[in-house]
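I opened this notebook to look up how the two chains meet and how one of them is folded. My entries follow in the order in which I checked things.

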Number of protein chains: 2
Amino acid sequence: MPFAPLQNDSFLRACLRQSTDHTPVWLMRQAGRYLPEYCATRAKAGSFMGLATNVDFATEVTLQPLERYALDAAILFSDILTVPDAMGLGLSFQVGEGPKFAKTVRTEADVATLAVPDMDKLRYVFDAVTSIRKALNGRVPLIGFSGSPWTLACYMVEGGGSDDYRAVKSLMYSRPDLMHQILAINADSVATYLNAQIDAGAQAVMVFDSWGGVLADGKFQEFSLAYTRRVLAQLQREKDGVVIPRLVFTKGGGLWLDEMKFLDCEVLGLDWTVNLAKARAQVGDSKALQGNIDPNVLFAPPERIDAEVAAVLESFGQPHMGAGTGPTHIFNLGHGISQFTPPEHVTALVNAVHTHSRRLRTAA
Amino acid sequence: MPFAPLQNDSFLRACLRQSTDHTPVWLMRQAGRYLPEYCATRAKAGSFMGLATNVDFATEVTLQPLERYALDAAILFSDILTVPDAMGLGLSFQVGEGPKFAKTVRTEADVATLAVPDMDKLRYVFDAVTSIRKALNGRVPLIGFSGSPWTLACYMVEGGGSDDYRAVKSLMYSRPDLMHQILAINADSVATYLNAQIDAGAQAVMVFDSWGGVLADGKFQEFSLAYTRRVLAQLQREKDGVVIPRLVFTKGGGLWLDEMKFLDCEVLGLDWTVNLAKARAQVGDSKALQGNIDPNVLFAPPERIDAEVAAVLESFGQPHMGAGTGPTHIFNLGHGISQFTPPEHVTALVNAVHTHSRRLRTAA
């Protein structure tokens with residue numbers, strides 16, 4: 001049974017550098033703890049993984065922010081670390097803490113046991129994608145996603161979050177051969193995983209290279225960018241005759257745009273340290289840009305949020321209008337929304353994006 | 001009584017873009033917890049502030065790394081947060097945790113009570129500078145330092161370290177007027193403090209903008225760079241007829257080198273995300289560059305440390321040789337050394353810098 005036709009295609013058009021009457025907006029981690037309705041569903045589910053692995057719950061929380069805000073895209077509710085969990089590393093989330101793996105990958109013996117996981121172990125994700133796509137009923141497109149090979153490796157080697165990346169960088173600097181083995185397996189796993197999400201109904205896919213920016217110049221290219229490229233090369237470009245845009249976001253990657261602009265993807269995500277006008281000039285005609293307001297702007301009063309949104313839109317400048325393709329901007333935060341964000345401030349942000357971006361177009 | 005004449009002036013020459021027969025090297029946080037002799041002295045002192053405020057202890061730990069390694073500069077043992085402590089905020093360090101302030105600065109009333117502190121409260125720092133300078137006896141030059149106005153403000157508003165800078169950015173986005181008031185007071189305090197360090201015997205001074213890189217483009221220029229500039233404008237340029245080089249290090253500042261190159265200082269510090277060849281081309285003839293190896297390289301075996309050091313030196317390329325001035329490089333880490341570093345690995349790094357940088361010069 002085919003899915004319902006899409007009513008709001010502004011996000012997908014902007015991904016493909018086609019004109020839209022407003023700048024589409026969605027927010028990284030838009031279904032999350034800042035929403036009381038999310039916390040209520042999570043309480044019912046018992047745990048984060050209980051939430052993510054239950055198709056009904058995952059569908060419910062994915063749609064929650066769309067009920068409140070005029071967002072132009074939905075993103076699958078899941079975690080960037082489902083793939084290493086399916087590899088058998090045992091993912092869990094303690095309340096008030098980040099993700100933890102029961103097993104770490106640090107030795108030759110550990111690496112020898114790693115393999116692309118059986119995608120049946122990730123069936124819950126693909127089922128959620130299909131369920132969400134149906135529930136959306138064509139309202140806005142659905143974005144699938146995964147962590148990048150390097151970002152997954154950070155968690156797999158560290159066993160969780162880190163503030164210095166000592167374990168993963170020790171391995172990288174001491175045994176680059178082992179690190180390359182891990183990354184190759186991760187890249188092939190991520191590609192398989194994203195292709196299965198596309199088969200299940202994802203209309204765009206995003207690679208979150210959350211920790212690429214902690215690498216030294218030279219090492220980023222060798223240990224992160226090369227494996228993002230390996231993922232992209234394996235992704236299906238179309239589904240049922242419709243192009244599936246691919247988005248890549250490296251937090252802290254602003255210094256490497258001259259190299260990232262050659263990635264075989266449609267959209268580059270940017271964090272708030274990047275000047276959008278400079279990035280637009282640097283990246284040129286190859287990519288749409290996504291980002292990049294500081295999530296902490298959402299702690300200011302609504303009138304200041306409005307001014308900061310206008311500044312980000314104006315920094316990108318006039319987007320492409322009319323037929324054909326040209327520079328386009330997808331509005332987003334420069335990183336995930338904070339759990340402490342007042343929900344009504346998000347209303348101010350989303351409305352400001354729509355209002356100011358329409359004004360920007362008529363001012364042309 | 002004048003201090004002893006300087007025997008190794010390679011660091012000061014490189015700061016002034018004059019030739020040296022090797023690339024000088026020192027390490028951020030070189031007197032620190034990775035050294036067992038430091039831990040022994042700290043145990044005697046009872047606490048970090050007990051160590052920093054005692055002239056004899058501060059002198060002893062400043063010289064400890066020089067006994068082990070052929071470093072080309074010493075840096076005052078102190079903390080970047082002594083200035084807000086002298087403002088009355090009550091600095092302390094809990095074992096295994098970062099710095100904490102007893103009082104925070106978040107409201108109009110809090111800001112109203114802030115002022116440039118009485119420098120007598122920082123007498124222990126100036127006494128330590130003089131004592132260390134005497135104890136060095138001309139071996140290598142002594143660097144004084146302070147946190148930048150923005151970095152101090154981060155800790156003053158947050159009350160300690162932070163992983164999201166929510167409090168300080170909430171204040172910045174909600175009440176930029178208050179933030180500017182804090183930063184103006186911080187800048188004038190830091191300038192007074194560094195000038196007093198110069199009077200006490202510091203032969204170069206460094207501003208650590210450890211958290212400038214967390215700011216959004218536009219906000220960095222307004223809330224960090226502008227106040228670093230205000231500090232620099234107030235610093236004495238010479239002492240007893242000798243130029244006092246000024247170094248500025250913004251961690252995560254690589255995207256803003258086009259603006260930082262106009263700072264009125266002699267040296268820009270860079271973290272490991274920056275490509276030294278590109279930075280050299282970008283900054284041009286105005287500044288020496290300092291940095292930028294990833295401190296995590298020190299967890300690799302010595303032969304790999306050697307190779308990584310060579311790569312960083314070669315990335316900068318041939319430094320200026322002969323008379324006059326030209327491009328120079330001061331080798332350093334891209335951030336402070338980890339407390340978990342094996343001390344013998346630092347020997348490998350320092351020796352590699354000296355050996356390879358001499359080779360690089362003769363290969364010309």
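Before turning to the axis, I note that copies are superposed by least squares on the C-alpha atoms of residues with pLDDT of at least 70 in both, a cut-off that applies here because this is a predicted model.

Entry, symmetry. I laid chain B on chain A and found an RMSD of 0.0 Å, reached by a turn of 180 degrees and a shift of 0.0 Å along the axis; the two copies are thus related as by a two-fold rotation axis. I then looked for the residue of chain B that comes closest to the rotation axis, and it is B:L255, with its C-alpha at 3.0 Å. The same surface serves both copies, since 100% of the contact residues of chain B recur in chain A.

Entry, contact. I counted 26 residues from chain B and 26 residues from chain A in the contact. On the side of chain B that touches chain A, the elements giving two or more residues are α9 (166-174) and α14 (302-316) of chain B, and α9(B) gives the most, with five residues. By class, I find that this side of chain B divides into 11 nonpolar, eight polar and seven charged residues.

Entry, sheet. In chain B I traced an open sheet of seven strands in the order β1-β4-β5-β8-β9-β10-β11, with parallel pairing. Because β1 (74-75) and β11 (329-333) of chain B stand at the edges with a single partner strand each, one side of each is left without a neighbour in the sheet. Strands β5 (residues 204-209) and β8 (residues 246-250) of chain B pair in the parallel sense over five bridges, and B:D209 has B:T250 in β8(B) as its bridge partner. Helix α11 (residues 219-234) of chain B packs on the sheet and touches β5 and β8 of chain B, its direction making about 165 degrees with that of β5(B).

Conventions
Residues are numbered from 1 along each chain as its sequence is written. Chains are lettered from A and ligands numbered from 1 in the order in which they are written. This is a predicted model: local features need pLDDT of at least 70, side-chain atom pairs count only at pLDDT 80 or more; totals for chains, interfaces and linings use all residues. Two residues are in contact if their C-beta atoms, placed from the backbone, lie within 7 Å. Helices (H or I, at least four residues) and strands (E, at least two) are DSSP runs, numbered from the N terminus. Ala, Val, Leu, Ile, Met, Phe, Trp, Tyr, Cys and Pro count as nonpolar, Asp, Glu, Lys and Arg as charged, and the others, Gly among them, as polar. Two strands pair if DSSP finds at least two bridges between them. Axes are lines fitted to C-alpha atoms, for helices over the stretch in contact, and angles run from 0 to 180 degrees between N-to-C directions.
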